[in-house]
Amino acid sequence: MASYKFLTIWEIEAPITQVWDVINHSEQWPSWWNAVESVVEIAPGEPSGIDNIRRFTWKTPLAYKLAFNTRITRIQPPNLLELVANGEVEGIGLWELAAVDKVTIARYTWTVKTTKPWMNILARLIRPLMEWNHNEIMRQGGEGIAKLLDARLIANKSENLT
C-alpha cells in the first residue's frame, strides 16, 4: 500500500461554531464541496457522534472516484473530530478547530494508505499527481465552506508531509 500524509489549513473569517457545524454535518458536504459526490449514513452511532459510520464517495479532479467509510472515534465540539477510514483508502482523519479573534483555523490531517491495486502498483510514478489531486480537493473545500458561510477565506493551504 502507498502511504500519504497531508495537512490542510483553512482560515475562515467566521465563528468557530458555524465552521464546526458545517464540518460536523458531512451529510451536507455534497451541497457545497464539489468533490464530494455523496455521503450516506451507515450507522448513527452514539448520541455524542462516536461510532457514527458514513460512506463517502469522492469524484476527483483526476477523473476517478474514491469510496470509503469513516467511523468517528473522538469528538469534542467545537474543536476536535477524529475518524478512522476504511475502503479504497485506510487511515485516520483529524479535524482540529481553533478560534483566534474573529477567525476560525480549521486544521485537517489525513494519514492514509491506498488499497486500490492500480494506485499501489503505480504509486512511485503517480505520487505527485495524487498529492496534487488531494490538495486540489481540499482547496475546493476551503472555497466551498467560505462561500457557504458567506465568509472571507483568509488562508487555504495544503502540504504533503510524506
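## Charged pairs

E131 and R127 form a salt bridge, their closest N and O atoms being 3.6 Å apart; the term denotes a side-chain nitrogen of Lys or Arg within 4 Å of a carboxyl oxygen of Asp or Glu. This is a predicted model, in which local features need pLDDT of at least 70 and side-chain atom pairs count only at pLDDT 80 or more, whereas totals for chains, interfaces and linings use all residues. Residues are numbered from 1 along each chain as its sequence is written, and side-chain values use heavy atoms, with hydrogens and water left out.

Both E131 and R127 lie in helix α3, 4 residues apart, which is about one turn of the helix. Helices (H or I, at least four residues) and strands (E, at least two) are DSSP runs, numbered from the N terminus. E131 is buried, at 13% relative accessibility, while R127 is partly exposed, with a relative accessible area of 26%. Buried here means under 20% relative accessible area, exposed over 50%, and partly exposed in between (1.4 Å probe, protein chains only). R127 also lies over the face of Y4, at 4.3 Å from the ring centre; for such an arrangement NZ of Lys or CZ of Arg must be within 6 Å of the ring centre and within 35 degrees of the ring normal.

A search of the whole structure finds 11 salt bridges. One of them joins the side chains of E37 and K65, with an N to O distance of 2.8 Å. This pair links distant parts of the chain, E37 being in strand β2 (residues 36–43) and K65 in strand β4, 28 residues apart. Another salt bridge joins E82 and R74, at 2.9 Å from N to O.

| Residue | Relative accessible area | Class |
|---|---|---|
| E37 | 34% | partly exposed |
| K65 | 44% | partly exposed |
| E82 | 17% | buried |
| R74 | 36% | partly exposed |

Strand β7 (residues 103–114) pairs with strand β1 (residues 3–12) in the antiparallel sense over 10 bridges. Two strands are taken to pair if DSSP finds at least two bridges between them. In this pairing, I12 stands opposite T104 in β7. Strand β6 (residues 89–100) also pairs with β7 in the antiparallel sense, over 12 bridges, and W95 stands opposite Y108 in β7. The hairpin of β6 and β7 has 2 residues between the strands, and D101 takes a positive phi near 55° there.

Helix α1 (residues 16–24) contains the buried residues I16, V19, W20, V22 and I23. They lie on the same side of α1 because they cover an arc of only 165° around the axis; the arc is that of the directions from the helix axis to the C-beta atoms. The buried residues of α1 pack against β1, β4 (65–76), β5 (80–87), β6, β7 and α3 (123–148), where contact means heavy atoms within 4.5 Å.

## Aromatic rings

Rings of Phe, Tyr and Trp (its six-membered ring) pair if their centres lie within 6.5 Å; planes under 30 degrees apart count as stacked, over 60 as edge-to-face and the rest as tilted. By this rule the count comes to 16 aromatic pairs. The pair of W29 and W32 is edge-to-face, because the ring centres are 6.3 Å apart and the planes stand at 65°. W29 is buried at 7% relative accessibility, and W32 is likewise buried, at 9%. One aromatic cluster is formed by W10, W29, W32, W33, F56, W58, F68, W95, Y108 and W110. Two of its members, W95 and Y108, are the residues that stand opposite each other in the pairing of β6 with β7.

## Backbone features in the loops

A cis peptide bond, with omega about -5°, joins P77 and P78. P78 is found in the loop between β4 and β5.

D51, although not a glycine, has a positive phi of about 70°. D51 is located in the loop between β2 and β3 (53–59) and is partly exposed, at 31% relative accessibility. D150 also has a positive phi, near 50°, and is a residue other than glycine. D150 lies in the loop between α3 and β8 (153–160) and is exposed, with a relative accessible area of 73%.
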